[in-house]
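Student: I would like a close look at one part of this model, the surroundings of its ligands. Please go through it in one connected answer.

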Amino acid sequence: MSKSLLSDASQILEKALKYVSISDDATEHLKYPQASLAVSIPVRMDDGSLKVFQGYRVRYDNTRGPTKGGIRYHPNVSMDEVQSLAFWMTFKCAVLNLPFGGAKGGITLNPKALSRMELERLSRGYINAIADFIGPDIDIPAPDVYTNPMIMGWMMDQYSIIQRKITPAVVTGKPISMGGSLGRDTATAMGAFFVIERIMSKLDRHPQETTVAVQGFGNAGSVIADLLSKAGYKVVAVSDSQGAIYAKQGLDIPSIRQYKLSSKGIKAVYCQDTVCNIVEHESITNEELLALDVDILVPAALENQITEANVHNIKAKYIFEVANGPISSTADEILAEKGVLVVPDILANAGGVTVSYFEWVQNRSGLYWTLDEVNQKLHQKMVEETEHIWKIAQDLSISMRTAAYIHALNRLGEAINSKGTRDYYLNGKNNY
Ligand SMILES: NC(=O)C1=CN([C@@H]2O[C@H](COP(=O)(O)OP(=O)(O)OC[C@H]3O[C@@H](n4cnc5c(N)ncnc54)[C@H](OP(=O)(O)O)[C@@H]3O)[C@@H](O)[C@H]2O)C=CC1
Ligand SMILES: O=C(O)CCC(=O)C(=O)O
């Protein structure tokens with residue numbers, strides 16, 4: 001039987017726990033998701049038929065605060081995937097020292113096959129089904145793959161209808177007009193950019209002589225490609241679910257973003273559309289993109305993209321995991337042996353949840369920040385935690401991933417131990 005994604009994801013704990021003195025109770029506590037909810041969501045389709053979709057929400061651990069994590073709409077969503085994503089959120093929030101635990105949600109579907117009205121009914125139906133499981137002090141959803149501010153707006157509105165009061169802090173990543181934060185739309189990539197810049201400067205690498213390939217061209221991938229190319233990095237390849245394009249001399253990212261907005265796939269750029277100023281390039285596959293001889297590889301699509309099957313083809317020197325879980329645990333070990341520097345998801349993509357935290361704070365205080373304030377605070381947090389993790393990795397001669405988990409485990413272990421044993425004596429009420 002193949003290993004579940006969650007058991008593969010949690011392999012890292014064994015490595016990190018060797019360096020951390022936390023109690024056996026705390027260790028045991030972190031092995032399992034605290035609460036996992038599976039729901040059926042009936043949706044009236046535009047043609048009058050009824051379709052039932054499967055949805056999930058998992059709260060992995062709430063010791064450090066209400067749980068936090070995005071909602072994914074994708075055909076591959078399963079309970080195992082959502083539990084793994086919630087596990088990563090727990091450690092990510094601890095790495096960034098946010099007052100949150102980890103959660104994640106998802107619905108199994110291809111959202112591209114639904115009309116806007118069907119999507120809205122589905123999103124509101126999902127909130128009806130999970131309303132008792134979430135809340136501004138309990139669990140706070142946000143966007144992830146194939147969800148966006150519009151969907152977050154519907155979800156916040158539906159929750160407010162159920163509660164009979166406007167409750168903006170129940171969901172982050174909302175439209176600005178509904179209490180969203182400035183800078184949340186670019187936050188995942190902006191946070192990753194701050195981490196990349198800090199690590200490249202430590203390694204004395206200059207943008208102009210650094211080539212980059214980015215897999216995935218959505219909220220995270222398209223913005224990081226743009227930020228890097230504007231900073232002078234040579235972004236030579238980008239991709240989406242349909243395929244990739246490559247240009248040795250570097251791609252014109254703003255034009256490709258513009259082109260992608262018109263909802264044509266990246267590969268269609270190859271057909272030399274005259275409206276965009278796109279440099280000469282060739283069409284390659286996603287698999288070929290991962291194997292390019294570049295300095296930096298940025299997986300920004302889905303999990304398990306680099307596994308035992310293709311890890312030996314990887315030529316990049318540095319990998320920044322903007323996607324969650326793009327490297328399997330076995331591949332991660334092989335990359336470490338090859339001397340590839342991997343900056344893990346729980347640091348590299350934590351800008352999104354960090355600005356979600358800022359949004360939650362703004363919603364609760366009623367005071368809203370400028371874009372500069374948001375980005376300055378984001379910069380400060382990303383750089384501070386990058387420095388901590390870099391130092392742990394250097395001091396102990398271990399990978400950045402193990403260092404990041406050590407950093408998170410110290411914070412989580414302390415919080416779990418501070419709570420004592422009261423959780424275990426609440427007569428079944430320990431799942432709030
Ligand atoms: N949004 C956020 O705030 C955060 C996201 N992340 C993580 O970043 C990753 C990307 O999320 P996000 O950008 O928000 O998602 P989006 O839905 O905005 O974009 C996903 C992108 O990935 C592409 N894609 C899908 N499947 C594949 C595939 N098999 N190969 C290559 N590309 C593929 C999509 O292609 P197409 O355009 O053709 O559909 C799309 O360009 C995920 O792992 C997510 O969990 C992490 C932290 C925060
Ligand atoms: O913004 C958030 O709350 C969560 C974002 C997310 O899902 C992630 O970091 O993977």
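Student: Which of the 27 residues around ligand 1 come nearest?

Tutor: A note on the model comes before the answer. The model is predicted, with local features needing pLDDT of at least 70 and side-chain atom pairs counting only at pLDDT 80 or more, while totals for chains, interfaces and linings use all residues. Residues are numbered from 1 along each chain as its sequence is written, and chains are lettered from A and ligands numbered from 1 in the order in which they are written.

Among the 27 residues around ligand 1, those that come nearest are G216, G218, D240, A323 and G352; a residue is near a molecule if its C-beta atom, placed from the backbone, lies within 6 Å of it. By class, this shell has 15 polar, 10 nonpolar and 2 charged residues. Here Ala, Val, Leu, Ile, Met, Phe, Trp, Tyr, Cys and Pro count as nonpolar, Asp, Glu, Lys and Arg as charged, and the others, Gly among them, as polar. Domain 1 (10-178) and domain 2 (187-348) each give at least three residues to the shell around ligand 1, the domain bounds coming from an automatic or database domain assignment.

Ligand 2 is surrounded by 13 residues, and G70, A142, G352, V353 and S356 are the closest. Strand β3 (67-74) and helix α13 (351-365) are the elements that give two or more residues to this shell; helices (H or I, at least four residues) and strands (E, at least two) are DSSP runs, numbered from the N terminus. The shell around ligand 2 has 8 polar, 3 charged and 2 nonpolar residues.

Contact means C-beta atoms, placed from the backbone, within 7 Å. K104 is found in strand β4 (residues 101-108). UniProt, in an unreviewed entry, places the feature "active site" at K104; such annotations may be inferred rather than shown by experiment. K104 counts as buried because 32 other C-beta atoms lie within 10 Å, the cut-off being 20 or more.

Q305 is in the loop between β10 (296-299) and β11 (318-320). Q305 counts as buried because it has 23 C-beta neighbours inside 10 Å. Leaving out residues up to four places away in sequence, Q305 touches Q215, L290, P299 and P326. The C-alpha atoms of Q305 and L290 are separated by 8.5 Å, with the two residues 15 residues apart along the chain.

Notes. Buried ≥ 20, exposed ≤ 12 C-beta atoms within 10 Å, placed from the backbone. Contact = placed C-beta atoms within 7 Å.
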